[in-house]
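Student: I'd like to learn how to read a model like this one. Can we go through it together, feature by feature?

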Amino acid sequence: MTVYLDNNATTIVDPQVFTAMEPYFVQKYGNPNSLHAFASETHPAIKQGMERIYAGINANREDSVVITSCATESNNWVLKSVYFEYVLTGKKNHIMVSEVEHPSVIATAKWIESMGCKVTYLPINNEGIVDVQAVRDNITDKTALVSVMWANNETGAIFPVEEIGDICEEHDVLFHTDAVQAIGKFPVDVQSFNVDYLTFSAHKFHGPKGVGALYVKKGKELMPLLHGGAQMGGYRSGTLNVPGIVGMGAAMEAAVEALDFEMTNIREMRDNFEDELLKIDDTFVVTPRAKRTPNTILISFRGIEGESMLWDLNHGGIGASTGSACASEDLEANSVMEAIGAAEDLAHTAIRFSLSRYTTQEELDHTLAVVKKAVARLREISSSFAYAPEGHVSGLTEGH
Ligand code: 7TS
């Protein structure tokens, strides 16, 4: 039996999404910008795809949603646009990002910092949630942008973006949120709170890889990223990814339809699975369940190196993660665990299980059995477990 529990890294394409995309490869392959029937036969599908995307996040008709190649591109674009429009022109010289943003935000912030802009890295508390007070304390009339993710990819922690959006509005500061782990996990409504830019990526909600988007509120500036044939309103030239737009639209619609299932059935399966995992001795979870996306568990097994556990899981047919796949080749401690100051013997022991609407109870039962066997085997040979201090666990709470 094989079990896929790495849905925060990417998801299976919904077969219905794949079916919707198929005609736009071999049958209806015209360039939408050409002036003939091969082109115009793609237009209804593009229109429908875009309408589904707008509806999925409740964007206003006057707002813009630019299609990109991935969330990494969308995140880079917002931060670099602010750099060129505000920092380089001398209007403002400060941005804030949380210290547990995805590398596509952190690395871009570091680049901006190297170009002379002041960057505040907002800390997170011991529940893995960004500290809102730090936003209030650090915001000034020189702050151009605050960028805080809506849900964290490692822990699933949901960040108080409504509150942060309000603070930004009060101070006339732009607000961006990376909603990659939010779409399909809970309702996303860009009109329900103050947000200027919002990032998402189709492959995280059962759409195709290589298609992302950036929502831009009406009237908010954005530097054109790709100059050329003036597609996407001139913001991002290049022949439209027709199957990608169709796929993201279909995936968005399906994700919204499945929201109730995700928030009740998946949550319940996740909670039961987590209860069973926490029955294993010396296991710890950072963020309380109520403050997490319904599909995610980041759990530490004291004394077991995360990569060793992944090895055993993989051997048992299970795909999980020690953290961001982007970072999993450089045996570093989990970034969230480091940010909350977890003890050294726990920071390297975190495993992320992320479910999807395709996950079954049978798969979780199998996973639990494999995990139990792995824990027994690996603790048997672990030197750190034998010497691990009893009792005090820095920064972590046991058994939520
Ligand atoms: N933002 C967040 C919050 C993410 O989780 C990811 C991918 C990205 C941006 C980048 O998305 P992409 O469309 O550019 O690929 N996160 C992960 C992860 O948690 N494990 O692997 C990839």
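Predicted model: local features only at pLDDT ≥ 70, side-chain atom pairs only at ≥ 80, totals over all residues.

Student: Let's zoom out. How is the chain divided into domains?

Tutor: Domain 1 covers 15-257 and domain 2 covers 259-390. Taken over C-alpha atoms, their centres are 29 Å apart.

Student: How many residues of each domain are in contact with the other?

Tutor: On the domain 1 side, 28 residues are in contact with 25 residues of domain 2. The area buried between the two domains is about 2,200 Å², and carbon and sulfur atoms give 59% of it. Within domain 1's share, Glu-154, Thr-155 and Lys-185 supply 30%, more than any other three residues.

Student: What about charge across that interface?

Tutor: The general idea first: side chains of opposite charge can pair when their charged atoms come close. Here, two salt bridges are found across the interface of domain 1 and domain 2. Glu-154 and Arg-352 also pair through their side chains in a salt bridge, at 3.9 Å from N to O. Eight residue pairs are in polar contact across the interface.

Student: Which helix gives the most to the side of domain 1 that touches domain 2?

Tutor: That would be helix 9, residues 242-257, with four residues. The whole of that side divides into 12 nonpolar, 11 polar and five charged residues.

Student: How many salt bridges does the whole structure have?

Tutor: A search finds 20. One to look at is Arg-52 with Glu-253, whose closest N and O atoms are 3.3 Å apart. Arg-52 lies in helix 4 (residues 43-57) and Glu-253 in helix 9, so this pair ties together parts 201 residues apart in sequence.

Key:
Residues numbered from 1 in each chain as written. Heavy atoms only, no water. Domains from an automatic or database assignment. Contact = heavy atoms within 4.5 Å. Buried area = accessible area lost by both parts, 1.4 Å probe. Salt bridge = Lys/Arg side-chain N within 4 Å of Asp/Glu carboxyl O. Polar contact = N/O pair within 3.5 Å; in protein donor to acceptor, adjacent residues only side chain to side chain. Helix = DSSP H or I, 4+ residues; strand = E, 2+ residues; numbered from the N terminus. Nonpolar A, V, L, I, M, F, W, Y, C, P; charged D, E, K, R; others polar.
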